[in-house]
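Please look over the sequence and the structure, then read the notes below.

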Amino acid sequence: MTESQPNNPPNRKNRLPKKYNNTQSVFDEPDILPGRVGEVVDRDWSCDQCGANLRGLPLETPCRECGFRNWYRPPPPGTESYESWLTQCQQKTHQTTGLVTVVSCAVIGGMFAIITAMVGTSPPGFIATDAPLLAIFFGPLIEESLKVAAMAYVIEVKPYLFKRRSQIFASAAGAAVIFTALENVAYIFFLMRNPSEELILYRWTVCFALHIGCTLIAATGLANVWQRATTEYRQPRIADLFPSLVTAIIIHGVYNAGIIGLQRTYPWLFK
Ligand SMILES: [Zn+2]
């Protein structure tokens, strides 16, 4: 019988992500163990359940508002923590990097989302009315998710790449503009045969507003995730994105359903 391989052969270390290069990962080790009696929450720190600020509350005491016992708490001062990691990364990140991140996420989001337009999920088109489930449910679901996917990745893994909250909204709006512009060009010049001027105007106004509006709603959730991570210096909780993302998907789906209804009732409007 041979000895089993050691768990961490030395050459493996080089292949680990940068944040794990140090011996200890502060990313996945929040301060959750008991044993800090008599200390209070010394900074703004939101309750994991209701979001109330726990500042000034003795550690391990249930939340004043909802009674939830928070296991995650600020690390002791001066220790290696997510806070020290994030602060160092923020200091090393140049302002230009923030702008590059905005543009990159906008381009990736716009290009990702255009894939959904190619399968005909955004009315008024000629395929969507025949596939209402696709247009009302799956289209908006995939489209809205893909537009913010790159931003969500950055915010979860490298939140320091965005330098300020407004950059998240700028990136989302950029993704929506790129997406809608490409989609409009595809529809007006390739998919529709001699579209009316009203229809062209409609695509560049109503469709534009709808896409930018929905993406900005989804971006609100992302901005809140980023804000919590970078003001409380704790690991981003990407699940907080979902209420705003779902809202954007529902608005987009309801809009598509309305357009399908109009197309079926008054087909001459869309000629
Ligand atoms: Zn609470």
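Of the 271 residues in the chain, 30% are buried. The model is a predicted one, and the chain holds 6 helices and 0 strands. Along the sequence the pattern reads α-α-α-α-α-α.

**Confidence**

- The chain has a mean pLDDT of 82, and 81% of its residues reach 70 or more.
- Residues 1-24 have a pLDDT below 50, and this stretch has 6 contacts in the model beyond near neighbours in sequence.
- Residues 121-127 also stay under 50 in pLDDT, and for them the model has 26 contacts beyond four places in sequence.
- Among the elements of the chain, the lowest mean pLDDT, 89, belongs to helix α3 (residues 132-157), and the highest, 92, belongs to α5.

**Contacts across the sequence**

- Met111 and Leu182 are 71 residues apart in sequence, yet their C-alpha atoms are 8.7 Å apart in space.
- Met111 belongs to helix α2 (residues 95-118).
- Met111 is partly exposed because 15 other C-beta atoms lie within 10 Å, a count between the limit of 12 or fewer for exposed and that of 20 or more for buried.

- A bend of about 45° occurs in α3 at Ala149.
- Two packed helices are described by the angle between their axes and the distance between the axes.
- For α3 and α6 the angle is about 145° and the axes are 8 Å apart.
- The crossing of α3 past α6 is right-handed.
- On the α3 side the residues that meet α6 include Pro132, Ala135, Ile136, Phe137 and Leu141.
- On the α6 side the residues that meet α3 include Leu245, Ala248, Ile249, His252 and Ile260.

**Helix α4**

- Helix α4 covers residues 165-191, which is 27 residues.
- From first C-alpha to last, α4 reaches 38 Å, close to the 39 Å expected at 1.5 Å a residue.
- Among the buried residues of α4 are Ile168, Phe179 and Tyr187, along with Gly174, Ala175 and Ala176.
- Ser171, Thr180 and Glu183 are also buried in α4.

- Helix α5 (residues 197-232) has 36 residues, so at 1.5 Å a residue it should span 52 Å; its end C-alpha atoms are 51 Å apart, which agrees.
- A kink of about 30° in α5 is centred on Arg203.
- Most residues other than glycine have a negative phi.
- The phi of Tyr233 is near 50°, a positive value in a residue other than glycine.
- Tyr233 is buried because 21 other C-beta atoms lie within 10 Å, and the cut-off for buried is 20 or more.

Definitions and conventions:
Residues are numbered from 1 along each chain as its sequence is written. This is a predicted model: local features need pLDDT of at least 70, side-chain atom pairs count only at pLDDT 80 or more; totals for chains, interfaces and linings use all residues. Helices (H or I, at least four residues) and strands (E, at least two) are DSSP runs, numbered from the N terminus. The expected span of a helix is 1.5 Å times one less than its number of residues. The bend at a residue is the angle between axes fitted to the seven residues ending there and the seven starting there. pLDDT is the predictor's confidence in each residue, from 0 to 100. Two residues are in contact if their C-beta atoms, placed from the backbone, lie within 7 Å. Axes are lines fitted to C-alpha atoms, for helices over the stretch in contact, and angles run from 0 to 180 degrees between N-to-C directions. A crossing is left-handed if the near helix is turned anticlockwise from the far one by less than a right angle, and right-handed if clockwise.
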